[in-house]
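Q: I want to learn how to read salt bridges in a model. Can you take me through some cases?

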Amino acid sequence: MNCIFGIDIGGTEIKIGKFYQDKLVLKTSIRTDVSNNGVNIFPDIFTKIEELLDGDQLLGIGVGVPGPVVKGVVRGAQNLGWGNVEAEKLLQEHYPGIIVRVINDANAAAIGEMAIGSARRFRNFVFVTLGTGIGGGVVINGELYEGFTGSAGEIGHLPVATGKKRLCNCGLYDCHERYASATGLVYSAEEMRKGKKTILNDIELNAKNIFDAAKAGDEVALAAVDFMVEKMAIALSTVAATINPEAFVIGGGVSKAGDFLLTKIRRKFQELCFMELRGTEFVLASLGNDAGIYGAAYEIRKRMEA
Ligand SMILES: [Zn+2]
């Protein structure tokens, strides 16, 4: 049988999916070896692919990586220890004649949601991944938009405050993800609970617990969530006014807060955005951690059909 691989390289594990056409037939993962600036990452992937091929014919490999990518060249991926890596070229040299494609991981997840997830009915949307940080992917007319330096969709680093209150990993202050990621929410809750009568003083502070407390009506937890939502609505209304998407598709670990979170974001967004943008839809992503491998594989199928 002919097969393609969809691969999602993360800082701790590499997810590998084997597909027959659009059907995921096998899914596994290997540990990410970040020693020696991640030089073993591709060799490890090649070894695993050989093992998983099992006599099938390899037609293509799509890969998502945690860093900006322009035309198949990774422009630095800190989590992997990578500087500039000509990833598509490396793949092509190892497997001459097959179709290869390397894209940013949040972009791969966006494409995955469009291929078989909750973004199926959209051609213009922005995928937002809410985890320990915030990432994004921009899809315009059904195509990924990577931007001039591969940084389109870096919506975690839109400034949402002034006054240098919170330093971001990127070196800037008051980025969106310092307020609206799981990390940002915990930071806010930590500050807000001091000297207050709240469940937050009796539980471990993490995004899930804060949301559970907010859902149960704890006022301090609600204030922390509302503060997060306000910052997110500021960022997304800016994005919406720039590209006027049909929808925002919200994924990542924090999106498990579900409709409770979505309803709040939608309401705050409608309050802050330009009038003609109020109809922008907000939907939850549906593929979870598999979105990246589906998206990477879809990029290959699309090129095979072209
Ligand atoms: Zn930042």
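Q: Which residue forms a salt bridge with Arg 121?
A: This is a predicted model. To call a salt bridge, look for a Lys or Arg side-chain nitrogen within 4 Å of an Asp or Glu carboxyl oxygen. Here the partner of Arg 121 is Glu 281, with the closest N and O atoms 2.9 Å apart. The pair links distant parts of the chain, 160 residues apart. Glu 281 sits in strand β13, and Arg 121 in the loop between α4 and β9.

Q: Why does Arg 121 count as exposed?
A: The cut-off for exposed is over 50% relative accessible area. Arg 121 has 53% relative accessibility, so it counts as exposed. Glu 281, at 31%, counts as partly exposed.

Q: Which side chain meets Arg 101 in a salt bridge?
A: That of Glu 299, at 2.7 Å from N to O. Arg 101 belongs to strand β8 and Glu 299 to helix α10, so the bridge ties together parts 198 residues apart in sequence. Are these two exposed or buried? Both Arg 101 and Glu 299 are buried.

Q: What does Lys 302 pair with?
A: Lys 302 forms a salt bridge with Glu 143; their closest N and O atoms are 3.3 Å apart. Lys 302 is in helix α10 and Glu 143 in strand β11, so this pair joins parts 159 residues apart in sequence. Lys 302 counts as buried at 18% relative accessibility. Glu 143, at 42%, counts as partly exposed.

Q: Which residues are linked in a network of salt bridges?
A: Arg 101, Glu 143, Glu 299, Lys 302 and Arg 303 are linked in one. Across the whole structure, a search finds 16 salt bridges.

Conventions:
Residues are numbered from 1 along each chain as its sequence is written. This is a predicted model: local features need pLDDT of at least 70, side-chain atom pairs count only at pLDDT 80 or more; totals for chains, interfaces and linings use all residues. Side-chain values use heavy atoms; hydrogens and water are left out. Helices (H or I, at least four residues) and strands (E, at least two) are DSSP runs, numbered from the N terminus. Buried means under 20% relative accessible area, exposed over 50%, partly exposed in between (1.4 Å probe, protein chains only).
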